Protein chains: 2
Amino acid sequence: MPTKLIMLAHGSSNASWSDAFFDMTKNVTVSSEDAALAFMELSEPSLHDECRAAAKQGYDHLKVLPLFLAKGRHLKKDVPAMISELIEELNVEIELLAPIGENQILRDAILGIVHDELK
Amino acid sequence: MPTKLIMLAHGSSNASWSDAFFDMTKNVTVSSEDAALAFMELSEPSLHDECRAAAKQGYDHLKVLPLFLAKGRHLKKDVPAMISELIEELNVEIELLAPIGENQILRDAILGIVHDELK
């Protein structure tokens, strides 16, 4: 089986917040069954739900891509703890990637938006 | 005077979180005095600090660009309320832009990162 990529957003009690993430990622979640969106807390599906579903589908390597701009307590402690539990429960490899905010592609995009606004 | 662009991040009690935003934006804040970074809460400088400094420098039009991936309560209520107060206090035009997560440049960057990881 190929790798499954799970994009992980924070989650919110505000439905329009999570809808923005579904909208932002639908281009890839619709075109590839190897990509899914999950939330750390407050919104569904949870990271646990998506990892369990992927393991059931036969994926044995999952990558979790945090849709976060920077690493705070959640990405330093809470999410690694969730992933350790899930690895133990599901017996699959789960790799926590750097948050998108650390990726130069994203940083260049932010600078591009800023330069457009400064024109 | 030209327009001043203030990039607004959430803020955190965790210094490495805010450092990530200084690092992410330094390319533009160093090269242009028309750009600055501020935080909504918990980190310094605050939005109030930066708007007051810009008004003092003579800027009469400020744009606030939220470095947020989606609009939640903060961008729907808290930040507009802060901006209303600042407009009244400083007698300058302050425009709240859409968060970067709603910009197609940023969404394309996220999809680019996802496609790279799916390869």
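In the predicted model, the side chains of A:Lys63 and B:Glu117 form a salt bridge, with a nitrogen-to-oxygen distance of 2.9 Å. Four salt bridges are counted between chain A and chain B. A salt bridge also links B:Arg107 to A:Asp23, again with an N to O distance of 2.9 Å. Because B:Arg107 belongs to helix H4 of chain B and A:Asp23 to helix H1 of chain A, this pair joins two chains. A search of the whole structure, over all chains, gives twelve salt bridges.

On the side of chain A that touches chain B, at least two residues each are supplied by strand S1 (4-9), helix H1 (15-31), strand S3 (61-66), helix H3 (73-90) and helix H4 (104-118) of chain A. The largest share, twelve residues, comes from H4(A). By residue class, this side of chain A divides into 23 nonpolar, eight polar and nine charged residues.

The extent of the interface can be described by residues and by area. In total, 40 residues of chain A are in contact with 40 residues of chain B. The size of an interface is often expressed as the accessible area that is lost when the parts come together. Between them, chain A and chain B bury about 3500 Å², and 73% of this area lies on carbon and sulfur atoms. Of the area that chain A buries against chain B, 18% is supplied by A:Met24, A:Leu69 and A:Ile113, more than by any other three residues.

The sheet of chain A was examined next. Chain A contains an open sheet of four strands in the order S2-S1-S3-S4, with parallel pairing. Strand S2 (35-39) and strand S4 (93-96) of chain A are the edge strands, each pairing on one side only. From one strand to the next, the twist averages 25°. Within this sheet, S1(A) and S3(A) are paired in the parallel sense over five bridges. A:Met7 has A:Leu65 in S3(A) as its bridge partner. H3(A) lies across S1, S3 and S4 of chain A and runs at about 170° to S4(A). The sheet also receives a helix from the other chain: helix H4 (residues 104-118) of chain B packs on it and touches S1, S2 and S3 of chain A. The direction of this helix of chain B makes about 150° with that of S1(A). H4 of chain B is also the helix that holds B:Arg107, the partner of A:Asp23 in the salt bridge described above.

In chain B, an open sheet of four strands has the order S2-S1-S3-S4, and its pairing is parallel. Its edge strands, which pair on one side only, are strand S2 (35-39) and strand S4 (93-96) of chain B. Neighbouring strands of the sheet are turned against each other by 25° on average, direction ignored. Strand S1 (residues 4-9) of chain B pairs with S2(B) in the parallel sense over five bridges, and B:Ala9 stands opposite B:Phe39 in S2(B). Helix H2 (residues 47-57) of chain B packs on the sheet, where it touches S1, S2, strand S3 (61-66) and S4 of chain B. The direction of H2 makes about 175° with that of S1(B). Helix H3 (residues 73-90) of chain B lies across S1, S3 and S4 of chain B, at about 170° to S4(B).

Backbone geometry was considered last. Most residues other than glycine have a negative phi, and most peptide bonds are trans. In chain A, a cis peptide bond joins A:Glu44 and A:Pro45, with omega of about 0°. A:Pro45 is placed in the loop between S2 and helix H2 (47-56) of chain A. In chain B, the peptide bond from B:Glu44 to B:Pro45 is cis, with omega near 0°, and B:Pro45 is found in the loop between S2 and H2 of chain B. A positive phi of about 55° occurs at A:Asn91, although this residue is not a glycine. A:Asn91 is located in the loop between H3 and S4 of chain A.

Conventions
Residues numbered from 1 in each chain as written. Chains lettered and ligands numbered in written order. Predicted model: local features only at pLDDT ≥ 70, side-chain atom pairs only at ≥ 80, totals over all residues. Heavy atoms only, no water. Contact = heavy atoms within 4.5 Å. Buried area = accessible area lost by both parts, 1.4 Å probe. Nonpolar A, V, L, I, M, F, W, Y, C, P; charged D, E, K, R; others polar. Pairing = 2+ DSSP bridges. Axes fitted to C-alpha atoms, helices over the stretch in contact; angles between N-to-C directions.
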